[in-house]
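Morning, everyone. Please have a look at the structure I'm putting up, and then I'll talk you through a few parts of it.

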Amino acid sequence: MDWQALFLSLRLAAWTVVILLPLSIVMGRVLAYRRFMGKGLVEAVVMLPLILPPTVFGFYLLVLFGRGAPVGALWQDFFGHPLVFSFEGLVVASVIFNLPFALQPAQRGFEAIATDVREAAACCGLGPWRSLWQIELPLAWPGVLTAMVLTFAHTLGEFGIVLMVGGSIPGETRTIAIAIYDRVQAFDYAGAGAMSAVLVGISLFTIAVTYALSARVGRRLS
Amino acid sequence: MIRFSAKCAGLIPLDLAFEVGNGEVLALVGHSGSGKTTILRSIAGLWTPSQARVEAGGQVWLDTNTGVNLPPHQRQVGVVFQNYALFPHLSAARNVMAAMPAGSPDKRTEAERLLDMVNLHGLGSRKPAELSGGQQQRVALARALARRPQVLLLDEPFSAVDRATRDRLHSELMALRADLRMPVILVTHDMAEAQALADRLVVIEKGSVIRQGPTAEVMSDPAALRAMGLRELAATLPARVVAHDADGLTHLETATGPIWLPRLNAETGAVVRVRIMAHEVILARSRPEGLSAQNILPASIIRIVAGEGPGVIVHLSIGGDEVFARITRRAAASLGLEVGQQAFMVLKSMSVARDHIGAVR
């Protein structure tokens, strides 16, 4: 059992959620309410990670993060170490490939709020911030929660992109999914099985917690 | 006091101006698509016409000439939306409290006072889903008032409740009027409602004013009525409730005699306004006998106006109150009706609907 890999995966998933939570609220809200030029294009680009093979997506990120590309070069100049094959690189990649999982449910959550309810909030004197805190977030919460759970679970299981961008450096980029693959390659079926079982357990627990929370939210609303 | 003017082309054209004084109720009436709701939305700041000016309580909310355009949350408005738009996750009291300015003292007590005022005593902890349509409408009204608005905007506020509830809400709003110091703008396509609640009417068609003026005056103007459909021609006759009879009728006294109507929810001695539809009125030269209709009132003919079709509209005076009869040109000729003559107005008790009777303020 590779505990280091498990904790690395959990750390990666937690960071991804922390970054995507505010991002999905802001972007989901904009996509739900606003109409603007190129909105369709933005939505399509955000959905790309869903349809591209992870290795293809990982390959492009690898090139983008490398020293030869502006993003990678800028990172190296600023932080003094390369973005590829580092934990930070994994976090950035993870945030990008989780965008559709985080944005879609959040956007649907905000879209489900009736327009006149939002207008009523404004006509009650609630400015944009108070409206977000007191009215919109409580109503869109099931969507946002679903978004975060999907992101967390998806990050734990992602394999192709992590391998392309991070490689398999123990303690830095070797996640639980990579570790399981390594064990299988080494014919250590018992180790792979134990780790897989742990992953199944964590996933079941996460989903159960989500269901319990959304049932509570549902009761609060009805 | 609120002043509104707008002029814009486009999908919903507007070209009109009006003002409403404090404590006055103005009804915007017109067909759907005439621009009534757009006017309310422009006042609230939910829509900005290309050229418009909104001034309320001495403060300019919108002036496209000078570039002033306050967002809705900075305009002190109270809005009752057509479907109420209550916050579904908050209790009735919290819905009302949400509209109070941040930092107001004793929000809870004030919310209870407002809920009591709209007859929702003790229901403050209920969620909107646990309230009936009429109760939700009352919460929406309390919430609109919680902001101490400079103007109260009512967008077809009674259209989503059943008729009995609507009657009750009408009379409650009439009772509330004494406490409302701000201008009230009511959007409706229900002429009976406009007639019962409004001091003044603005009749709108394609974003322009066809006619505006005191309610009784507009209701007798054929041009304004054409915009509503001629069948809506009606007048309101004041009458005092004398007694509730055992057989389910209420006895009322008008200026020229008694009438009986289906049982009213009004106290003995109260003065009510009975809305009499012009096409329900029968005219007779001499007092008819052996008739099933209970209500026969002496009247004098003050005007006869020919319509475009086979009909004429006879304006009658009942002790100074004007009532209309829409009859055929042929009937008018065979009776030999002339201005100045005495005649009798016959009205079936059952032809006066309950929601056609409003309280007098």
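Predicted model: local features only at pLDDT ≥ 70, side-chain atom pairs only at ≥ 80, totals over all residues.

**Spans in chain A, a helix pair in chain B**

Now take residues 189–213 of chain A. Here the end C-alpha atoms lie 36 Å apart. This span is 100% helix, with 0% strand.

Where do these spans come from? An unreviewed UniProt entry lists both under "transmembrane region". The entry also lists residues 12–32, 83–103 and 139–169 of chain A.

Next, confidence. Chain A has an average pLDDT of 90. In that chain, 97% of the residues score at least 70. Which elements of chain A have the lowest and the highest mean pLDDT? The lowest is helix H11 of chain A, residues 189–221, at 84. The highest is helix H7 of chain A, residues 115–123, at 96.

Over to chain B. Helix H4 (residues 133–146) of chain B packs against helix H5 (residues 163–176) of chain B. The angle is about 25 degrees, and the axes are 10 Å apart. Angles under 35 degrees count as roughly parallel, so H4(B) is roughly parallel to H5(B). The crossing is right-handed.

Who touches whom? From H4(B), we have Gly134(B), Gln137(B), Arg138(B) and Leu141(B). They meet residues of H5(B), including Thr165(B), Arg168(B), Glu172(B) and Leu176(B). By class, this contact has 4 nonpolar, 3 polar and 3 charged residues.

That's my part. Thanks.

Conventions. Residues numbered from 1 in each chain as written. Chains lettered and ligands numbered in written order. Heavy atoms only, no water. UniProt positions renumbered as here; feature names shortened; annotations may be inferred. Helix = DSSP H or I, 4+ residues; strand = E, 2+ residues; numbered from the N terminus. pLDDT = per-residue confidence, 0-100. Axes fitted to C-alpha atoms, helices over the stretch in contact; angles between N-to-C directions. Parallel < 35°, antiparallel > 145°, perpendicular 65-115°, else oblique. Left-handed = near helix turned anticlockwise from the far one by under 90°. Contact = heavy atoms within 4.5 Å. Nonpolar A, V, L, I, M, F, W, Y, C, P; charged D, E, K, R; others polar.
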